[in-house]
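Reader: I would like a close look at one part of this model, the place where two chains meet. Please take it slowly.

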Amino acid sequence: MLKKFTLNTPAEDFINITSSVKKTLRESNIQEGLCVVHCPHTTAGITINENADPDVVTDMLLGLREAYPDRAQFRHFEGNSTAHLKASTMGNSATIPIHKGNLVLGVWQGIYFCEFDGPRNRTYYVSITSE
Amino acid sequence: MLKKFTLNTPAEDFINITSSVKKTLRESNIQEGLCVVHCPHTTAGITINENADPDVVTDMLLGLREAYPDRAQFRHFEGNSTAHLKASTMGNSATIPIHKGNLVLGVWQGIYFCEFDGPRNRTYYVSITSE
Amino acid sequence: MLKKFTLNTPAEDFINITSSVKKTLRESNIQEGLCVVHCPHTTAGITINENADPDVVTDMLLGLREAYPDRAQFRHFEGNSTAHLKASTMGNSATIPIHKGNLVLGVWQGIYFCEFDGPRNRTYYVSITSE
């Protein structure tokens with residue numbers, strides 16, 4: 001089962017999409033298997049991280065900007081190579097086991113759509129595969 | 001099939017958990033499919049890297065500390081934002097194909113639980129999905 | 001279904017392997033499920049990123065070299081710890097949902113084998129799992 005979602009993003013943010021993933025799993029009625037959340041873009045990604053203190057997202061965006069600053073030597077004509085680097089570092093998908101009809105997520109884990117080159121209209125997919 | 005494991009970690013380390021993953025696969029009797037190793041924490045992750053020279057882990061921990069140093073501007077009250085960054089960079093899971101009842105791992109590949117904010121009692125899951 | 005591929009790599013490059021993955025999916029006749037592309041090496045990885053402007057790959061390789069420079073303190077005797085760091089950052093596999101017999105890839109997304117310590121003869125695997 002595959003379901004497509006859309007969202008509008010700001011310039012840069014991690015957007016918590018956990019509830020849409022959980023809802024898709026409930027609709028599937030699948031009890032055991034794998035859930036894959038997939039981003040079809042190249043300047044955005046998917047990660048799993050803390051869902052409690054929003055300062056974690058702020059700090060992660062800062063840490064990624066410092067690790068991958070814009071560079072005068074970059075040649076890509078769109079000028080967003082740092083966004084491509086951040087997207088591949090976070091990864092284009094997250095895989096979560098399903099057990100007894102629930103995502104096997106820790107209590108502090110949320111699933112995030114990571115925008116690095118917005119604002120844009122974006123898409124993501126939730127795939128549910130039975131064991 | 002899903003199996004839960006616990007481990008005690010030091011402050012920072014990559015702990016080789018390959019043997020527990022292989023044992024879980026043998027117990028499942030599954031011959032073809034996917035193995036997912038999943039970490040339910042937000043300051044620890046899972047990666048696959050060299051299993052031979054332990055200096056590789058030491059160097060990777062150093063390289064990650066330099067890429068994501070602690071910063072005065074970080075706002076998260078727990079003071080462990082660098083651990084959150086490292087966890088998302090390594091990723092919260094690893095996916096390995098299963099073929100003829102074995103993990104499709106290279107000879108130098110080991111599966112590691114990556115602790116970035118220990119010491120703690122930690123958990124990880126091994127999920128085996130048949131083709 | 002699991003298929004093995006080999007390739008010869010230069011010192012450092014992202015090599016677009018999308019067509020081999022699509023061909024494997026067509027041969028499998030699987031309509032719904034998951035495709036996993038897996039790298040069995042520890043100084044190479046798999047990522048999904050832009051397939052249009054080759055300058056993106058050039059810039060990403062530069063950004064990764066700057067984020068993970070070689071360091072005098074590194075102890076691994078092979079001297080390629082930066083390649084191990086880059087491999088784990090990109091990840092050893094990519095997972096792509098399959099829908100109606102096609103990979104759910106964005107129009108700008110290509111699947112890349114990431115060489116960080118070549119030239120070498122390398123291997124990768126394409127695993128197709130039915131829903």
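Reader: How many salt bridges does the rule find across the interface of chain C and chain B?

Author: The rule finds two salt bridges across the interface of chain C and chain B (a side-chain nitrogen of Lys or Arg within 4 Å of a carboxyl oxygen of Asp or Glu). The model is predicted, with pLDDT of at least 70 needed for local features and 80 or more for side-chain atom pairs, while totals for chains, interfaces and linings use all residues. Residues are numbered from 1 along each chain as its sequence is written, chains are lettered from A and ligands numbered from 1 in the order written, and side-chain values use heavy atoms, without hydrogens and water.

One salt bridge joins Asp55(B) to Arg75(C), with N and O 3.4 Å apart. Asp53(B) lies in the loop between strand E4 (44–50) and helix H2 (55–67) of chain B (DSSP runs numbered from the N terminus, at least four residues of H or I for a helix, at least two of E for a strand). Asp53(B) is buried (under 20% relative accessible area with a 1.4 Å probe, protein chains only). Asp53(B) has no salt bridge, and Arg75(C), the nearest side chain of opposite charge, is 7.5 Å away. The side chain of Asp53(B) instead makes a polar contact of 2.6 Å with that of His76(C) (N or O atoms within 3.5 Å, one able to donate a hydrogen and the other to accept it; residues adjacent in sequence count only if both atoms are side-chain atoms). Leaving out residues up to four places away in sequence, Asp53(B) touches His76(C) and Phe77(C).

Across the whole interface of chain C and chain B, 12 residue pairs are in polar contact, both at pLDDT 80 or more. On the chain C side, strand E3 (33–38), helix H3 (81–90), strand E5 (93–99) and strand E8 (121–130) each give two or more residues. That side divides into 13 nonpolar, 15 polar and three charged residues. In contact are 31 residues of chain C and 30 residues of chain B (heavy atoms within 4.5 Å). Chain C and chain B bury about 2,500 Å² between them, 58% of it on carbon and sulfur atoms (accessible area lost on being put together, 1.4 Å probe, summed over both).

Chain B also meets chain A, with 30 residues from chain B and 30 residues from chain A. Two salt bridges are found there, and Arg71(B) forms one with Glu66(A), the closest N and O atoms being 3.8 Å apart.

Terms used:
Buried < 20%, exposed > 50% of the residue type's maximum accessible area, 1.4 Å probe, protein only. Lys, Arg positive; Asp, Glu negative; His and termini not counted. Buried area = accessible area lost by both parts, 1.4 Å probe. Nonpolar A, V, L, I, M, F, W, Y, C, P; charged D, E, K, R; others polar.
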